[in-house]
Amino acid sequence: CFSLCLQLTPLVWLLLRHSSGKADEAVGTAPFHLDLWFYFTLQNWVLDFGRPIAMLVFPLEWFPLNKPSVGDYFHMAYNIITPFLLLKLIERSPRTLPRSVIYVSIITFVMGASIHLVGDSVNHRLLFSGYQHHLSVRENPIIKNLSPETLIDSFELLYYYDEYLGHCMWYVPFFLILFIYFSGCFTPTKAESSMPGAALLLAMPSGLYYWYLVTEGQIFILFIFTFFAMLALVLHQKRKRLFLDSNGLFLFYSFALTLLLVALWVAWLWNDPVLRKKYPGVIYVPEPWAFYTLHVSSRP
């Protein structure tokens with residue numbers, strides 16, 4: 001996703017200019033969208049975070065290994081509900097946003113999430129056969145002795161669709177849409193730059209979910225790129241005496257909390273030798289499910 005972030009840089013600056021050009025449109029400020037943000041956070045926790053948990057909790061007899069699991073149905077619902085909620089957020093923006101970019105992003109989002117649905121379904125079903133998430137594909141005991149050896153290449157291709165192509169096509173347009181929406185969340189009235197109590201309470205589970213999304217999706221570079229783009233936009237608009245409204249503050253504080261949680265997570269697992277081997281390089285952000293299979297499920 002790093003190369004995609006670099007390619008998106010000109011688009012982000014174009015959106016910054018678009019936001020500045022449209023600043024005068026914002027004579028009114030949208031109220032806090034408690035209903036949409038609540039539904040958005042709830043479905044993220046239930047349909048995305050809860051998806052692999054449901055696959056482990058529901059009896060295997062109900063969902064045989066050669067049929068879609070309950071988690072797959074959760075994923076299908078997520079692929080429908082999430083783009084719908086994103087479009088509803090865009091509809092409520094008080095400013096005119098670039099519709100063509102939004103529509104292309106939504107289409108790409110659905111395609112990427114659908115690719116991930118297939119790859120993730122097979123990878124999680126392999127858990128029942130002894131697959132270990134904290135190991136690479138070729139190092140897994142149930143994979144490395146396959147014959148012919150070209151079968152291992154097929155499983156690596158599946159992993160690539162799941163963890164790389166699917167994630168990039170899913171998360172890049174997702175964060176791009178959120179940033180586009182964020183670019184319209186400014187008000188000329190400083191008194192309107194505040195969050196209601198409900199927004200403060202909702203920011204905590206929202207930020208915690210994005211922590212899971214960033215770590216499990218391995219998209220820290222994309223996330224930090226988006227967060228600093230948001231910060232740059234806030235500083236840029238502040239010079240024009242424009243301030244974040246309640247919806248913008250909610251999104252910004254959720255991401256700030258996410259950044260803090262990711263830093264704490266990395267610091268906690270900094271010296272783990274097994275996870276260090278799986279995640280080499282400068283960017284070290286272990287996946288929660290890799291931690292689970294290594295330190296939780298492996299306990300007698």
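1. Helix H8 spans residues 220-238, and its 19 residues reach 27 Å from the first C-alpha to the last, close to the 27 Å expected at 1.5 Å a residue, where the expected span is 1.5 Å times one less than the number of residues. Helices here are DSSP runs of H or I with at least four residues, numbered from the N terminus. The model is a predicted one, in which local features need pLDDT of at least 70 and side-chain atom pairs count only at pLDDT 80 or more, while totals for chains, interfaces and linings use all residues. Residues are numbered from 1 along each chain as its sequence is written, and side-chain values use heavy atoms, with hydrogens and water left out.

2. Helix H2 (residues 34-57) and helix H3 (residues 70-91) have axes, as lines fitted to C-alpha atoms over the stretch in contact, that come within 9 Å and cross at roughly 160 degrees. H2 is therefore roughly antiparallel to H3, a term for angles over 145 degrees.

3. H3 also packs with helix H6 (residues 150-182), at an angle of about 25 degrees and with the axes 10 Å apart. These two helices are therefore roughly parallel to each other, a term for angles under 35 degrees.

4. In the contact of H3 with H6 (heavy atoms within 4.5 Å), His-75, Tyr-78, Thr-82, Leu-86, Leu-89 and Ile-90 of H3 meet Trp-170, Phe-174, Ile-177, Leu-178 and Tyr-181 of H6.

Definitions and conventions:
Axes fitted to C-alpha atoms, helices over the stretch in contact; angles between N-to-C directions. Parallel < 35°, antiparallel > 145°, perpendicular 65-115°, else oblique.
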